[in-house]
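My entries follow in the order I made them.

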Amino acid sequence: MEKFRVGVLGGTGMVGQRFIQILENHPWFEVKEIAASARSAGKTYGEAVEGRWKLDGEVPSSVKDIVIRDINDIKGVTDNVDFVLSAVNMPKEEIRKIEEAYAKTETPVVSNNSAHRWTPDVPMIIPEINPEHAKVIEYQKKRLGTQRGFIAVKPNCSIQSYTPALAAWKQFEPYEVVATTYQAISGAGKTFKDWPEMVGNVIPYISGEEEKSEKEPLRIFGHIEDGVIVPATSPVITCQCIRIPVLYGHTAAVFVKFRKNPTKDELVAALRSFSGVPQELHLPSAPEHFIQYLEEDDRPQITKDVYYENGMGVSIGRLREDTVYDWKFVGLSHNTLRGAAGGAVECAELLTAQNYIQHK
């Protein structure tokens, strides 16, 4: 199979670095272009990230000598790629404009950014949950005036630790959810070296995060109508988001009310059997088992469970009846793999399998 040529926008930041790392030996995709700010443009990738590489392991040798382009050199990037992955760090309005500009060159954009998550004809996809939302791309292409260029996005990293459970339990009709997320510092693109004041600290505020956590699952659970995604109205979700001193892994403590009356055995069975199109298609990044349920009282734990299924699976535990709500549980997901770069790569794989991404 001839590999698809990929450009990584915002390739020097933490999520961009994770894209580069994930794609090092990818069976379908190969990095051909990297774009970043004017500060990095003209340097080789190895030079640009020297002293700034935030991940375990070395900078992949296959990209060290790629000369970084200015993010605004849209023609230079798109002439040499089939699609781009976007992790640019810019104001939202600028991200919206530049991602649309890339799409209008007939280059699909799969974005980790939040800028287009509420653009009505842009699908926001967790591939195991709402792959059918890709169909809205045909309407988006008409608006953009493109044949093959479009934008697709993945949702916020923290919702991955509880939204999959709600999806698995759809048959039991969850209608009210209270969630508190305990979020790793890498979710802010930081390490402890960058952010020493987080050592031994908890910050009970993450800008914009609570609104995303309450609203984005409803868009994922929504449907296409008249060429746009119409969000679901249920379950109603309220959320608090707290930054904690761990490097990777977003944990969620969640309370749920159901219209039906499921037993614990039914809820656990629904989690363990839940799978989707990525598993049917054996997409390269797809976990074999999307959700694991852990019986131990002290699980899931970040140190033991965050890399479940190479960081692409979701861990659920401590499911028990509640005195105010019906049930409560704890969820865990890897925020830069399932929650960010890995989720976007899996989304690109899905869109490739669905023929939305093609060779130019």
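These are my notes on a predicted model.

**Entry 1. Cysteines**

I found zero in the structure. Cys239 is in none, and its nearest cysteine sulfur, that of Cys241, sits 3.9 Å away. Cys239 is buried, at 5% relative accessible area.

Next I took Cys347. Which cysteine has the sulfur closest to that of Cys347? I found Cys157, at 16 Å, and that is too far for a bond. Cys347 is buried as well, with a relative accessible area of 0%.

**Entry 2. The cavity**

The structure holds one cavity of 30 Å³ or more. The largest cavity has about 30 Å³ of space. I listed its lining: Ile125, Ile126, Pro127, Lys154, Pro155, Gln160, Arg338 and Gly343. By class, I get four nonpolar, two polar and two charged residues in that lining.

**Entry 3. The largest pocket**

I then looked at open space. The largest pocket holds about 1200 Å³. It is lined by 44 residues, and those closest to its centre are Ala87, Val88, Asn89, Asn113 and Ala188. Helix 1 gives the most, with three residues. I sorted the lining of the largest pocket by class: 14 nonpolar, 19 polar and eleven charged.

**Entry 4. Helix 5**

I picked helix 5, residues 137-144, and asked which of its residues are buried. They are Ile137, Gln140, Lys141 and Leu144. I then noted what they pack against. The partners of these buried residues are helix 4 (92-103), strand 6 (151-153) and helix 11 (337-353). I also looked just past the end of helix 5. There, Gly145 takes a positive phi of about 75 degrees.

**Entry 5. Phe274**

I went to the loop between helix 8 (264-273) and helix 9 (277-281), where Phe274 is found. Is Phe274 buried or exposed? I read 17% relative accessibility; the cut-off for buried is under 20%, so Phe274 counts as buried. I listed its contacts, leaving out residues up to four places away in sequence. Phe274 touches Glu128, Ile129, Ala167, Ala168, Phe290 and Ile291. I also noted a C-alpha separation. Phe274 and Pro164 lie 110 residues apart along the chain, yet their C-alpha atoms are separated by 8.8 Å.

**Entry 6. Glu346**

My last stop was Glu346, in helix 11. I asked how buried Glu346 is, and its relative accessible area is 0%. What does Glu346 touch, leaving aside neighbours within four places in sequence? I found Pro127, Glu128, Pro278, Leu283, Ser285, Ala286, Pro287, Met312 and Arg338. Pro127 and Arg338 are among the residues that line the largest cavity.

Notes:
Residues are numbered from 1 along each chain as its sequence is written. This is a predicted model: local features need pLDDT of at least 70, side-chain atom pairs count only at pLDDT 80 or more; totals for chains, interfaces and linings use all residues. Side-chain values use heavy atoms; hydrogens and water are left out. A disulfide is a pair of cysteine sulfur atoms within 2.5 Å. Buried means under 20% relative accessible area, exposed over 50%, partly exposed in between (1.4 Å probe, protein chains only). On a 1 Å grid over the protein atoms alone, a cavity is a set of points where a 1.4 Å probe fits but cannot get out, and a pocket is an open set with protein on both sides within 12 Å along at least five of seven lines; lining residues have an atom within 4 Å of a point. Grid points are joined across faces, edges and corners, and a volume is the space filled by probe spheres set on the points. Ala, Val, Leu, Ile, Met, Phe, Trp, Tyr, Cys and Pro count as nonpolar, Asp, Glu, Lys and Arg as charged, and the others, Gly among them, as polar. Helices (H or I, at least four residues) and strands (E, at least two) are DSSP runs, numbered from the N terminus. Contact means heavy atoms within 4.5 Å.
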